[in-house]
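Q: I would like to learn how to read the features of a structure such as this one, step by step. Could we go through the sequence and the coordinates together?

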Amino acid sequence: MSSFLSRIANFGEVLTPNEAKVAEYLRKNPEKAIGENIQRVAQQTGVSIASVSRLAVTLGYRDWKELRLSLAKESHAAGNPVLADITPEDSDETVVRKVFTSNIASLTETLEQLDMKKLIRVIDAVKNTDRVVFFGSGGSGCIARDESLRFAHLELSAEAYSEEFQMMLQASRMTKGQVAFGFSNSGRSKATVNVIAEARKNGALTVGIANYRNSPLEREADIFFCTSFPHRSEMTVALTARIAVESIMDAIYVLSAHYGRVTKKVEYMDSILEANLRYAAGARKQGGKGKPEKKVNNATVFPIPGGVLPLHASRKSAGTA
């Protein structure tokens with residue numbers, strides 16, 4: 001289960017003003033709050049006892065007692081300066097350590113809250129489809145393009161769109177059996193939410209990935225994955241969120257390749273790319289040219305450590321993922 005700080009970050013945009021007051025008090029005073037009852041917390045924050053109780057339920061706890069217990073278990077991490085937000089006073093070394101520890105915490109907590117049944121459902125859809133489309137605008141558009149390049153190594157059509165008109169046009173062309181991914185940091189990008197809704201209306205399986213719960217993207221997608229991050233700093237969130245998103249997509253890609261999405265046609269394509277786009281690994285120049293080592297499908301290639309694409313040595317599926 002994700003930590004208290006991650007839950008605050010994930011649900012921060014949907015908290016009521018009173019809930020947000022309590023959340024901020026707990027975030028800044030974890031050690032103090034551990035020893036306080038619900039009445040005292042309500043008094044300290046100037047809200048009703050009901051508001052404190054509602055915050056606990058909104059964050060996924062049964063009640064205030066369970067929230068306080070979670071806070072107690074995590075208080076040592078909350079007081080660790082390396083897990084705090086980046087500040088102007090931080091030394092260069094501290095900034096580097098905060099970046100690394102933030103990424104590690106984000107990946108660990110994203111994995112802990114990842115719904116494996118939903119993930120397997122997505123993988124089943126990808127391994128049986130002929131088309132996967134990735135949507136995202138702004139910085140999320142970069143993620144969409146990266147994923148389309150990655151999935152293009154599989155036996156399917158992989159496309160990415162980040163311009164609003166193209167996004168809607170392609171979403172309107174999607175059909176049953178195809179898969180649409182929508183990426184949005186906030187989960188509130190109108191362009192991404194609208195195209196996911198359109199693709200879903202046309203029968204495609206839609207998958208949304210964002211950094212906040214109860215977002216419009218979560219409501220419109222068939223399947224939703226939320227990344228986890230223990231900080232509120234926008235800069236830190238931007239760093240950790242992308243790594244967590246790409247890790248989810250890594251898992252989908254690897255298992256899709258593992259279970260039948262690699263064919264002789266794909267292997268031939270990879271050999272052509274290897275022959276034309278890469279120099280030999282460790283090849284010595286002779287007369288200004290690298291010495292070719294062997295022929296693959298009549299194309300000159302150079303062997304590289306681990307092969308062209310190690311993932312393509314995967315086994316065929318004997319069943320479902």
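Q: Is Asn 214 buried, partly exposed or exposed?

A: Before the case itself, two notes on the source: this is a predicted model, in which local features need pLDDT of at least 70 and side-chain atom pairs count only at pLDDT 80 or more, while totals for chains, interfaces and linings use all residues. Residues are numbered from 1 along each chain as its sequence is written, and side-chain values use heavy atoms, with hydrogens and water left out. Buried means under 20% relative accessible area, exposed over 50%, and partly exposed in between (1.4 Å probe, protein chains only). Asn 214, with a relative accessible area of 40%, is therefore partly exposed.

Q: What is the phi of Asn 214, and where is its place?

A: Most residues other than glycine have a negative phi. Asn 214 has a positive phi of about 55° although it is not a glycine, and its place is in the loop between strand 4 and helix 12 (216-220); helices (H or I, at least four residues) and strands (E, at least two) are DSSP runs, numbered from the N terminus.

Q: How many helices and strands are there in the protein chain, and what percentage of its residues count as buried?

A: The protein chain has 14 helices and nine strands, and 43% of its 321 residues count as buried.

Q: Which residues have the most contacts inside the largest nonpolar core?

A: In soluble globular proteins, nonpolar side chains tend to be buried together. A nonpolar core is a set of buried Ala, Val, Leu, Ile, Met, Phe, Trp, Tyr and Cys residues joined through side-chain atoms within 4.5 Å. The largest one here has 27 residues, and those with the most contacts inside it are Phe 151, Phe 181, Phe 183, Phe 225 and Ile 252. Among the elements that give two or more residues to this core are helix 8 (116-128), helix 9 (139-151), strand 3 (179-183) and helix 13 (234-258), and helix 13 gives the most, with six residues. Apart from this core lies another, of 21 residues, among them Ile 8, Ala 42, Val 47 and Tyr 61.

Q: Which residues does Ile 252 touch?

A: Contact means heavy atoms within 4.5 Å. Not counting residues up to four places away in sequence, Ile 252 touches Leu 119, Val 122, Ile 123, Val 126, Phe 151 and Phe 181.

Q: At what angle do helix 4 and helix 5 pack?

A: Axes are lines fitted to C-alpha atoms, for helices over the stretch in contact, and angles run from 0 to 180 degrees between N-to-C directions. Angles under 35 degrees count as roughly parallel, over 145 as roughly antiparallel, 65 to 115 as roughly perpendicular and the rest as oblique. Helix 4 (residues 38-45) and helix 5 (residues 49-58) pack at an angle of about 105°, with their axes 8 Å apart, which means that helix 4 is roughly perpendicular to helix 5. In this contact, Ile 38, Gln 39, Val 41 and Ala 42 of helix 4 meet Ile 49, Val 52 and Ser 53 of helix 5.

Q: Is Glu 36 buried or exposed, and which residues does Glu 36 touch?

A: Glu 36, in the loop between helix 3 (30-34) and helix 4, is buried, because its relative accessible area is 6%. Not counting residues up to four places away in sequence, Glu 36 touches Tyr 25, Val 41, Gln 44, Trp 64 and Arg 68. Glu 36 and Arg 68 are 32 residues apart in sequence and 8.8 Å apart in space, C-alpha to C-alpha.
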